[in-house]
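Me: I'd like a close look at one part of this model, the place where the two chains meet. Could you walk me through it?

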Number of protein chains: 2
Amino acid sequence: MMAMSLDGFVARKDHTLDWLNKQPTENEDHGFFAFMDSVDALVMGSGSLRTVLGFGDWPYLKPVITLSRTMTKQDLPEHLQDKITFSTESPEALWSIFGKRGYKRIYVDGGAVIRSFLQAGLIQDMKITVVPILLGNGIRLFGETAGDIDLELTSATPFPSGLVDLHYTVKGA
Amino acid sequence: MMAMSLDGFVARKDHTLDWLNKQPTENEDHGFFAFMDSVDALVMGSGSLRTVLGFGDWPYLKPVITLSRTMTKQDLPEHLQDKITFSTESPEALWSIFGKRGYKRIYVDGGAVIRSFLQAGLIQDMKITVVPILLGNGIRLFGETAGDIDLELTSATPFPSGLVDLHYTVKGA
């Protein structure tokens with residue numbers, strides 16, 4: 001579940017997301033809460049975590065696992081220390097840990113983390129919101145892959161704001 | 001009117017388009033003929049021209065202007081020499097030439113040419129077909145821009161093949 005400019009960026013080069021607010025989406029249901037309700041945990045990179053921490057209010061009710069070799073609990077405000085854990089495990093190792101905990105559906109957030117899980121064949125479905133803007137440069141959502149990753153379109157939903165929610169399943173995942 | 005993989009590529013690095021045939025689209029009307037009917041001429045780069053020449057049958061009924069500093073009529077099969085002209089003019093100069101000829105609606109094809117016309121503010125609407133595949137690398141549709149290019153969604157049409165036609169107008173163009 002990621003917002004991407006039509007030219008494939010999830011953030012400007014300086015990580016800012018201001019361009020997401022150019023389209024008023026107040027009364028649109030992009031399914032964020034329903035989606036969050038459906039997952040058992042979230043995995044994100046330290047870049048995404050820092051961005052979310054910058055929002056002030058912590059938006060997640062589910063456990064968050066952050067992939068980082070440098071961040072520790074000390075980097076978190078006290079009230080979030082039991083909500084976020086840090087890990088340096090591979091996608092495959094994490095997947096097996098999640099299985100033991102009974103986690104079945106994980107939300108993977110952030111370009112680099114999505115790419116590593118995709119590469120490991122562990123992404124089953126993707127929801128991409130295409131934002132009607134060309135940024136020209138920035139941080140890309142997708143990166144190199146070992147080969148083609150074939151997708152199957154589940155739904156395409158346009159909104160009055162001009163955002164289009166595209167839902168895909170990954171073939172063979 | 002361009003087909004783009006979900007990760008933003010119009011062709012593989014070696015210019016091949018084989019991945020476009022992974023999704024059967026036989027009975028789908030992506031509006032190619034209606035669109036071609038609506039334009040007065042086509043502008044394309046030499047890369048796109050070479051690709052189309054490689055198809056064998058020439059698919060266009062309208063005049064084609066190819067931007068190239070190196071190709072000449074000699075590079076064309078004889079039966080196409082009156083259908084294709086070459087130019088080294090800027091997008092702005094071409095636009096003014098087209099105006100004098102009474103051309104009102106031009107189809108601009110090929111990544112580099114689309115980018116130069118976009119940059120000149122001469123693209124009014126875009127039809128992008130998003131193909132359900134991640135290629136990982138290749139030739140990008142969009143490139144650097146001088147700033148944000150804001151778009152307005154006109155329509156989003158999903159097809160049984162999983163292709164999604166997105167139609168945008170360019171704000172301020």
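Reply: Happy to; here is the meeting of the two chains, from the overall relation down to paired residues. Please keep in mind that this is a predicted model.

Let's start with how the copies are related. Chain B superposes on chain A by a rotation of 180° with 0.0 Å of shift along the axis, and the RMSD is 0.0 Å. That is the relation of a two-fold axis. In chain B, the C-alpha nearest this axis belongs to B:Gly8, at 3.1 Å. Both copies use the same surface, as 100% of the contact residues of chain B recur in chain A.

Now the contact itself: 26 residues of chain B touch 26 residues of chain A. On the chain B side, S8, strand S10 (149-158) and strand S11 (164-170) are the elements giving two or more residues. S10(B) gives the most, with seven residues. By type, this side of chain B holds 15 nonpolar, five polar and six charged residues.

Strand S10 (residues 149-158) of chain A runs antiparallel to S8(B), with two bridges between them, and here A:Asp150 stands opposite B:Ile133. Strand S8 (residues 133-134) of chain A likewise pairs with S10(B) in the antiparallel sense over two bridges, where A:Leu134 has B:Ile149 as its bridge partner.

Terms used
Residues numbered from 1 in each chain as written. Chains lettered and ligands numbered in written order. Predicted model: local features only at pLDDT ≥ 70, side-chain atom pairs only at ≥ 80, totals over all residues. Least-squares fit on C-alpha atoms with pLDDT ≥ 70 in both. Contact = placed C-beta atoms within 7 Å. Pairing = 2+ DSSP bridges. Helix = DSSP H or I, 4+ residues; strand = E, 2+ residues; numbered from the N terminus. Nonpolar A, V, L, I, M, F, W, Y, C, P; charged D, E, K, R; others polar.
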